[in-house]
Amino acid sequence: MNIIEKMRLDGKKGFVTGGARGIGKCTAAAFAEAGADVAIADMDLEEAKAAAKEIAEATGRKVIAIGCDVTDESQVQSMVDEAVRELGDLDFCHANAGICINAPADEMTYAQWKKNIDVNLNSVFLTDTIAGRYMLSHGGGSIINTASMSAHIVNVPQPQCAYNASKAAVIQLTKSLAVEWAKQGVRVNSISPGYIGTDLTLSSPTLQPLIAQWNAMAPMGRLGKPEELGSICVYLAGDTSTFTTGSDFILDGAFTCF
Ligand code: NAD
């Protein structure tokens, strides 16, 4: 088998949270294009259903939609149970759902802080540990978490301390789980995208007006496309990355290099 064949995900099963649109939809499509069956888990079930139908038709793989608020422990447990039941197993998952709340720290309410930490960090703990428990007792697996370049730098000009802190914590959670589970065949890695053109940026009334300013700061002079994150996730989910765990992959067009 050559390296490209080894990178394929034929026979593998996995789920993506926040997979109804944006980055998660693109990684779900990449997993299916590589041969995997995929569950798209999202709190927007209708959009998840539409994404699943579109990807299933394009790839011929089994792609299902599951409604799930990733901040709710019982919903995450039910989602993982349903993914395993419907797909037959669980080899990989992408904990990707996230939000960005922009507010100056001295004006941010505690409720806003807690909401951002709940959706971006606590949900990753729930997703990783619930999926991880299954993988630990079923021969291993690969977990991918979406962090951000905001884990590495403080973005400007927008104030987003809760987002930045949540994403930095995702990377240290990733490393902690990778170390705890290294001998048991469960690998845990994260991706740290730079600015990507999705609803989170393009449709945000606070962030969209800043895009020209970000592009002026970006070595490539542009936003990334969500499609540009698919191949790294296919690599991490598959069997050519078996020595890769506890790593964070920055995909930012060199934004954080200076
Ligand atoms: P998006 O807003 O386009 O999509 C996010 C998806 O997550 C949506 O489908 C939404 O319904 C879902 N979601 C939100 N809260 C949820 C919850 N509680 N339970 C279940 N689903 C929920 O965003 P995106 O740009 O695709 O971002 C995906 C991930 O990538 C996020 O973690 C984000 O922080 C991260 N990220 C984005 C960028 C960027 O510039 N777009 C950069 C770095 C990291």
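## The ligand's pocket

A pocket, as the word is used here, is an open set of grid points where a 1.4 Å probe fits, with protein on both sides within 12 Å along at least five of seven lines. In this predicted model, the ligand takes up the space of the largest pocket.

That pocket has a volume of about 960 Å³. Its lining counts 45 residues, and Arg21, Gly98, Ile99, Cys100 and Leu200 are the closest to the centre. By class, the lining has 18 nonpolar, 19 polar and eight charged residues. At least two lining residues come from each of α2, β2 (37-42), α5 (110-136), α6 and α7.

## Around the ligand

Now let us turn to the ligand itself. There are 27 residues around the ligand, and Arg21, Asp42, Asn96, Tyr163 and Thr198 come nearest. This shell is made up of 13 nonpolar, nine polar and five charged residues.

A polar side-chain atom of Tyr163 is 2.7 Å from a ligand oxygen. Backbone polar atoms take part too: one of Ile23 lies 2.8 Å from an oxygen of the ligand, and one of Met43 lies 3.3 Å from a ligand nitrogen. The ligand alone exposes 830 Å², and the protein buries 95% of that.

Two or more shell residues come from each of α2 (22-33), α6 (161-181) and α7 (199-202). Of these, α7 gives the most, with three residues.

## A second pocket

The second largest pocket holds about 260 Å³ of space. It is lined by 18 residues, with Met220, Gly224, Leu251, Asp252 and Gly253 nearest its centre. Its lining has 10 nonpolar, four polar and four charged residues.

Key
Residues numbered from 1 in each chain as written. Predicted model: local features only at pLDDT ≥ 70, side-chain atom pairs only at ≥ 80, totals over all residues. Heavy atoms only, no water. Near = heavy atom within 4 Å. Polar contact = N/O pair within 3.5 Å; in protein donor to acceptor, adjacent residues only side chain to side chain. Areas by Shrake-Rupley, 256 points an atom, 1.4 Å probe, with all protein chains shown as cover. 1 Å grid on protein atoms, 1.4 Å probe; cavity = no way out; pocket = protein on both sides within 12 Å on 5 of 7 lines; lining within 4 Å. Sits in = over half its atoms within 2 Å of the grid points. Helix = DSSP H or I, 4+ residues; strand = E, 2+ residues; numbered from the N terminus. Nonpolar A, V, L, I, M, F, W, Y, C, P; charged D, E, K, R; others polar. Points joined across faces, edges and corners; volume = space filled by probe spheres on them.
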